[in-house]
Amino acid sequence: MRSLFCVLALALVIASPSGEARVIPDPRQKPAPGNEARQTPIHQANYSPAVNYQLQCLGCHLTNGEGAPRSDIPMMKNFVGNFLKVEGGREFLIQVPGASQSALSNSQLAELLNWMLKDGGIAGGSAPKGFEPYTEQEVETHRGIMIKDLPGYRLNLIKQIKALNIDIPKNVTPY
């Protein structure tokens with residue numbers, strides 16, 4: 001059996017180009033047509049908040065913020081604005097890892113949060129009346145503060161929201 005394995009391995013080496021497997025990209029390889037120019041970093045691209053949502057949030061929170069509770073990704077749709085109604089909730093939306101560690105600039109993150117929380121946005125009218133939009137300075141102030149126990153912190157905020165007699169949909173708290 002061992003000799004069969006050795007013969008098979010030798011045959012693969014001989015059959016491969018140059019007698020070796022290519023694990024390092026070929027430096028002579030050219031980009032696909034249309035991709036020749038160096039890509040603009042997201043924080044410099046000036047995309048709309050809707051596009052930034054697609055690039056930074058959609059992969060986990062899905063198209064309309066419905067989330068994926070089976071993967072511990074909470075639903076934001078028609079609910080996320082309620083965090084602004086409790087102490088620490090406003091900062092929380094800046095500090096969640098997907099926001100704080102995104103490739104967005106502070107200004108872009110503020111725009112994205114404001115876009116989500118506006119009437120008709122993902123928040124679905126859940127933001128408090130008279131909602132004060134996020135500012136670039138506010139994002140800069142809170143973005144670098146890491147939440148050590150994200151599930152516990154979030155659960156505490158959810159308890160505060162519940163204490164305001166706000167219905168907590170099942171998919172909001174996956175933990």
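**Walking through the model**

Mentor: Let's begin at Leu62, which is partly exposed, with 31% relative accessible area. Keep in mind that this is a predicted model.

Trainee: Okay, where is Leu62 found?
Mentor: Leu62 is in the loop between helix H3 (58-61) and H4. Look at its backbone too: phi is positive, about 65°, although Leu62 is not a glycine.

Trainee: And what about Asn78, what is its phi?
Mentor: Asn78 has a positive phi of about 60°, and it is not a glycine either. Asn78 is also found in the loop between H3 and H4. With a relative accessible area of 46%, Asn78 counts as partly exposed.

Trainee: Let me zoom out. How many helices and strands are there in the protein?
Mentor: The protein has eight helices and zero strands. Along the sequence, the pattern reads α-α-α-α-α-α-α-α.

Trainee: What share of the residues counts as buried?
Mentor: Of the 175 residues, 32% count as buried. The accessible surface is about 11600 Å², and carbon and sulfur atoms make up 56% of that.

Trainee: And of the contacts with a separation of 6 or more, what share comes from residues 24 or more positions apart?
Mentor: Those residues account for 66% of such contacts.

Trainee: New topic: cysteines. How many disulfides does the count come to?
Mentor: The count comes to zero disulfides. Take Cys57: its closest cysteine sulfur is in Cys60, 8.8 Å away, which is too far for a bond. The cut-off is 2.5 Å between the sulfur atoms.

Trainee: Is Cys57 buried or exposed?
Mentor: Cys57 counts as buried because its relative accessibility is 13%, under the 20% limit. Cys60, at 44% relative accessibility, counts as partly exposed.

Trainee: Now charges. How many salt bridges does a search of the whole structure find?
Mentor: The search finds one salt bridge. Glu138 pairs with Arg90, and the closest N and O atoms are 2.5 Å apart. This pair links distant parts of the chain, with Glu138 in helix H7 (residues 136-143) and Arg90 in helix H4 (residues 89-95), 48 residues apart.

Trainee: Is Glu138 buried or exposed?
Mentor: Glu138 counts as buried, at 16% relative accessibility.

Trainee: What ring does the charged end of Arg90 sit over?
Mentor: That would be the ring of Tyr134, with the charged end of Arg90 4.2 Å from the ring centre. Tyr134 also turns up among the contacts of Asn114, which touches Phe131, Pro133 and Tyr134, not counting residues up to four places away in sequence.

Trainee: Where is the place of Asn114?
Mentor: Asn114 is in helix H6 (residues 106-117). Its relative accessibility of 19% makes Asn114 count as buried.

Trainee: Back to rings, then. How many aromatic pairs does the search find?
Mentor: A search of the whole structure finds five aromatic pairs. One of them joins Phe83 and Phe92: the pair is tilted, 5.2 Å centre to centre, with 35° between the planes.

Trainee: Are those two buried or exposed?
Mentor: Phe83 counts as buried at 2% relative accessibility, and Phe92 is buried with a relative accessible area of 3%.

Trainee: Which residues form one aromatic cluster?
Mentor: Phe79, Phe83, Phe92 and Tyr153 form that cluster.

Trainee: Last one: what is Arg143 in contact with?
Mentor: Leaving aside neighbours within four places in sequence, Arg143 is in contact with Ile94, Ala99, Ser100, Ser102, Leu104, Ser105, Asn106 and Leu109. Arg143 lies in helix H7 and counts as buried at 12% relative accessibility. From C-alpha to C-alpha, Arg143 and Ala99 are 8.2 Å apart in space, although 44 residues separate them in sequence.

Trainee: And Ser105, where does that lie?
Mentor: Ser105 lies in the loop between helix H5 (97-100) and H6. At 23% relative accessibility, Ser105 counts as partly exposed. Apart from neighbours within four places in sequence, Ser105 is in contact with His43 and Arg143. The C-alpha atoms of Ser105 and Glu136 are separated by 8.5 Å, with the two residues 31 apart along the chain.

Conventions
Residues are numbered from 1 along each chain as its sequence is written. This is a predicted model: local features need pLDDT of at least 70, side-chain atom pairs count only at pLDDT 80 or more; totals for chains, interfaces and linings use all residues. Side-chain values use heavy atoms; hydrogens and water are left out. Buried means under 20% relative accessible area, exposed over 50%, partly exposed in between (1.4 Å probe, protein chains only). Helices (H or I, at least four residues) and strands (E, at least two) are DSSP runs, numbered from the N terminus. Contact means heavy atoms within 4.5 Å. Accessible areas come from the Shrake-Rupley method with a 1.4 Å probe; for residues, only the protein chains shown count as cover. Rings of Phe, Tyr and Trp (its six-membered ring) pair if their centres lie within 6.5 Å; planes under 30 degrees apart count as stacked, over 60 as edge-to-face and the rest as tilted. A charge sits over a ring if NZ of Lys or CZ of Arg is within 6 Å of the ring centre and within 35 degrees of the ring normal. A salt bridge is a side-chain nitrogen of Lys or Arg within 4 Å of a carboxyl oxygen of Asp or Glu.
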